Amino acid sequence: MSLPLIVLLPLLGSLVPLLSSNRQRNLNAWSTALLPAIALGIVIAHAPGVIAGEVYHSSMSWVPQLGLDLAFRLDGLSLLFLLLILGIGLLIILYSRYYLSPEDSMPRFYAYLMLFMTSMIGIVMADNLLLLWVFWELTSLSSFLLIGYWYHQSEARRGARMALAVTGLGGLAMLAGFLLIGHIVGTFDLQTVLDSRELIQADPRYLPALLLVLLGAFTKSAQFPFHFWLPHAMAAPTPVSAFLHSATMVKAGVFLLARLHPALAGSQLWLYIVTLTGLVTMIYAAYFALLKYDLKGVLAFSTVSHLGLITMLFGLDSKLAVVAGLFHIINHAMFKAALFMSSGIIDHETGTRDIRKLSGLRRSMPMTAALSGLAAASMAGVPLLNGFISKEMMLTETLESSLLGGLAWLIPVLATLGSVLSVAYSLRLIRNVFFGPEAKELPKAPHEAPLPMRLPMLLLVGLCVVIGLIPAVIVSGVLDAAARATILAPRPEFHLSIWHGFNLPLLMSAIALAGGVGIYAVRRNLFSFQRQFPQRNALMIFEHSVRRLLQWTQVAIDRLENGSLQRYMLWLIVAVLFLTGSGLLDLDQLQGSRQPQPLDGLLLAGAAITILAGLGTAVLHRRRLVSLMMLSVVGLMVSLAFARFSAPDLALTQLAVEVVTVILLMLALFFLPQRTPKESTGARVVRDVLLAAGFGGVVASLNFALLTRPLDSISGFFLDNSVSGGGGHNVVNVILVDFRGFDTLGEITVLCIAAIGIYKLLNRLRLFMPSSDSEGRPWSKDLHPMLLATVSQSLLPLALLVSVFIFLRGHNEPGGGFIAGLVTAVALILLYIARGVDWAQQRLSFQYQPIAVTGVAIATLTGLGSWLFGHNFLTSAFGHFSIPYIGEIELATAMLFDLGVYLTVVGATLMILANLGKLTTRHRPSKENEKETV
Amino acid sequence: MEALYATVTGFLAASGLYLALRGRTFPVVVGLTLLSYAVNLFLFSTGGLTTNGAAVIREGVTDYADPLPQALVLTAIVIGFAMTAFSVILAMRVRGDQGSDQVNDQRGEEPKEEKS
């Protein structure tokens, strides 16, 4: 199937223009046009089938977990839009070639344009709601790039930002709506959704889903009150406006209404919201179109107005109204693209778009004048042009509507009023610009644009006329197919023709034409009437409200994030107390069903020491050294607790870490004040004590509740599989290096990163070093006592031996890489303490950073190694080997992994402590003394 | 025994939190260390308190201590050390760069938090 190609070709096409340089303008334009032209060819090749009733599908799985498939469809509705997007897109490529000035980067422009075209094609071909949404957001993004193409202009930047904010937010709302629909239906597949109308509309979630989806459609199609972004998007280069606001961007909204029509339409809710929004938008925007002085401003508001018309038609509860809406989509795309191109030509050749300055251009640019006149006449609904036919259909349908009950007459009346205004602004556009006396003070002398620039206009206007004359021949096939796709149900018979006889709609058309001319005649009164109202600029209001929002958020942030760690801790703890506390309140009773175990004296004594030491750490915290000693008591008691409760590995680790921690904190304390000044107010202390007591109470209750409840552990698996699956008897170690090896790998990586971070933090750190303790006693002259030096030196080989022993047996007995690494580190640090950093550094002539990094690398490579044998990451292998004289030993790849852990622990620990220790010696005032002792 | 264990955990947590709420860096670091002891004890106890349980698989032994919390706590201890080290070095760096060991942001014009 070639369906994905239709999307893929323009996507590739966005790279094509980047291949050639800005100076090769013809090459650039032609090469860009090539791929979308092929795509158009594919579409046309499919067209006869689609018109005959075929619906083409093509689907590939993308993210099946989310229900997101790369599913495309080509039905009548897609066909109609594809022809518009690709056809007008190609014309725009041709037009832009002559519109862009040599300073503008053409490759960039075409790349954006093709990206945008791709996303539009994706929207109309998506056969999956989520995929549709992805492309929908892509249009928001790529239109942002296009609108902001002249990024040196503030107007362009701000207009682009506003368009992105409004349509992007609408898109998010739409996603929420799609998700709701997906939940109701159970799939995001478009066909299933379209077939589930009863299911969706009976669901209570229909209301929010509908509102959210409509929010997306209305923001994109610039429906009141979200219309304000569109006029400001006019800061874009005119070809962009011609593309975005005729055939594409804004049509995505009405496309969505048509696409989901079978699933969502028909309810009272849909009827009222969609019809009335469309109606209000149509009249409101038409009125403002009449008042604008900027050519593109007039066109922008008229676009909004016509989109309102289409929206209204999709809202009405008649099938013919949908047909009329689809037909008007085609017609509007053609005449509006032509008019935008005309405004671009005028701007290009005269240097201004201000209607007040322009006048009498028909003499200097006759062809543009004629073409614009025809396009504007089509927009006004003058007979014999395509706009007339769809407008007649629209007026007919408004008469049929039963909406608003007894006030149903309002709808045709208001629709006629909209048409009156439409005629008035079309007339103004043409008469003021092309007729009247020749303009004098134009920035450039006006002349006709190059022919290739007028050619797209000629084609479009030609189509307008041909469709207007023989509608049935040209469009009925495509229109019929599109209507079938939109209505699904038996489609209504419709007959496109220019003459329906004398009837009410014809009278309404006549009223519109006459009334339009009348309003045009008295437009000056309208201008002066409008002058009473203060000028309001949507951009200013939008930016003002964004600024207000930012200010408001800043205030909120300042309240919460005030730079006080104490405040943050407070919030954190209050949240913890609240959440955990409320959980505890739900328990029937604190004590669970498990029988408590008996106490003994040793346990009591241990607990008492731990509690006292813990409290002492807190109470005596202002005398920092004492507090630190208390802390180390707690640490040792915790280690004993681990040993008591059958966890030798933990006890060993805790013991080693405790030593390292206390050395670290002692070193740090050397540089920090020895005492904490008394600062806290009494109230603060009371508050903190209460908080701490509450927190402790909650933790203790939670722990008790947990301990007294039956245990349901997954550990049985590890116990059963440790020997057979991991080849080790020490289950804790096997979990670390095998079952949960990935966790450990992450953890040693963190350790390594922390050590490197510390290394960096210590770099070039200059700290004040006191020469005496807090009581004024000078430090001992004997920096490295002989006894310690001797003992540590003779202890080192022993300690290293022990660590090797612990490492080797770790897989089967308590021990392992972590503990062995810590033991090695402690032994080396003892050497540093005993002999001084300089002495140790000279002899241990290696850097610790590479060791830590090597450790992580070994562990990672061990994991990767299992890939070589076709296993998952970190799968371990083991075997028994017999070595002469030593006997049978068991070797596992986990051992290699553990080696990585070992090296990381040694490297990281020493990196931290040795570097910190270096600070104490490098700039010490008593350097001479030190040298003597060393 | 369970009640006693829980009490110890609670006291350590309370003391740690009180210190963590202080306004100077060193007590905060000590407090965090104390808190991590409490947390480790808590996590360890989720496997139940086993007295004289086997830690290593042996023939004919059925009474094992739960190895999973042990493995988790083992890594937690080492990571806890890294965290303590990092925060204390950070405290030293702050003192070196700003000349103060207060935990609150001192850069603003006016003291943002009430003096503590």
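Tutor: Helices and strands are here DSSP runs, a helix having at least four residues and a strand at least two. Please keep in mind that the model is predicted.

Student: How far apart are the end C-alpha atoms of residues 28–51 of chain B?

Tutor: This span also comes from the UniProt record for "transmembrane region". Its content is 75% helix and 0% strand. The C-alpha atoms at its ends are separated by 34 Å.

Student: In what order do the elements of chain B run?

Tutor: Chain B has three helices and zero strands. Of its 116 residues, 67% count as buried. Read from the N terminus, the order of elements is α-α-α.

Student: What share of the contacts in chain A with a separation of 6 or more joins residues 24 or more positions apart?

Tutor: Chain A contains 39 helices and four strands. Among its 934 residues, 55% count as buried. For contacts with a separation of 6 or more, the share that links residues 24 or more positions apart is 79%.

Student: Are the helices α5(A) and α12(A) roughly parallel or roughly antiparallel?

Tutor: Helix α5 of chain A covers residues 106–125, helix α12 of chain A covers residues 238–247, and their axes come within 12 Å. The crossing angle is roughly 5°. Angles under 35 degrees count as roughly parallel. The angle therefore makes α5(A) and α12(A) roughly parallel.

Student: How many nonpolar residues does the contact of α5(A) with α12(A) have?

Tutor: From α5(A) come Phe109(A), Leu113(A), Phe116(A) and Met117(A), which meet Pro239(A), Val240(A), Phe243(A) and Leu244(A) of α12(A). No polar and no charged residues take part in this contact. The number of nonpolar residues is eight.

Student: Is Asn128(A) buried or exposed?

Tutor: Asn128(A) sits in the loop between α5 and α6 of chain A. Beyond its neighbours within four places in sequence, its contacts include Gly67(A), Asp69(A) and Phe188(A). Buried means under 20% relative accessible area. Because its relative accessibility is 2%, Asn128(A) counts as buried.

Student: What distance separates the C-alpha atoms of Thr275(A) and Leu316(A)?

Tutor: Thr275(A) belongs to helix α15 of chain A, and its 0% relative accessibility means that it counts as buried. Not counting residues up to four places away in sequence, Thr275(A) touches Leu316(A), as well as Trp270(A), Met312(A), Gly315(A) and Leu403(A). Thr275(A) and Leu316(A) are 41 residues apart along the chain, and their C-alpha atoms are separated by 6.0 Å.

Note on methods: Residues are numbered from 1 along each chain as its sequence is written. Chains are lettered from A and ligands numbered from 1 in the order in which they are written. This is a predicted model: local features need pLDDT of at least 70, side-chain atom pairs count only at pLDDT 80 or more; totals for chains, interfaces and linings use all residues. Side-chain values use heavy atoms; hydrogens and water are left out. Axes are lines fitted to C-alpha atoms, for helices over the stretch in contact, and angles run from 0 to 180 degrees between N-to-C directions. Angles under 35 degrees count as roughly parallel, over 145 as roughly antiparallel, 65 to 115 as roughly perpendicular and the rest as oblique. Contact means heavy atoms within 4.5 Å. Ala, Val, Leu, Ile, Met, Phe, Trp, Tyr, Cys and Pro count as nonpolar, Asp, Glu, Lys and Arg as charged, and the others, Gly among them, as polar. UniProt positions are given in the numbering used here, feature names are shortened, and annotations may be inferred rather than shown by experiment. Buried means under 20% relative accessible area, exposed over 50%, partly exposed in between (1.4 Å probe, protein chains only).
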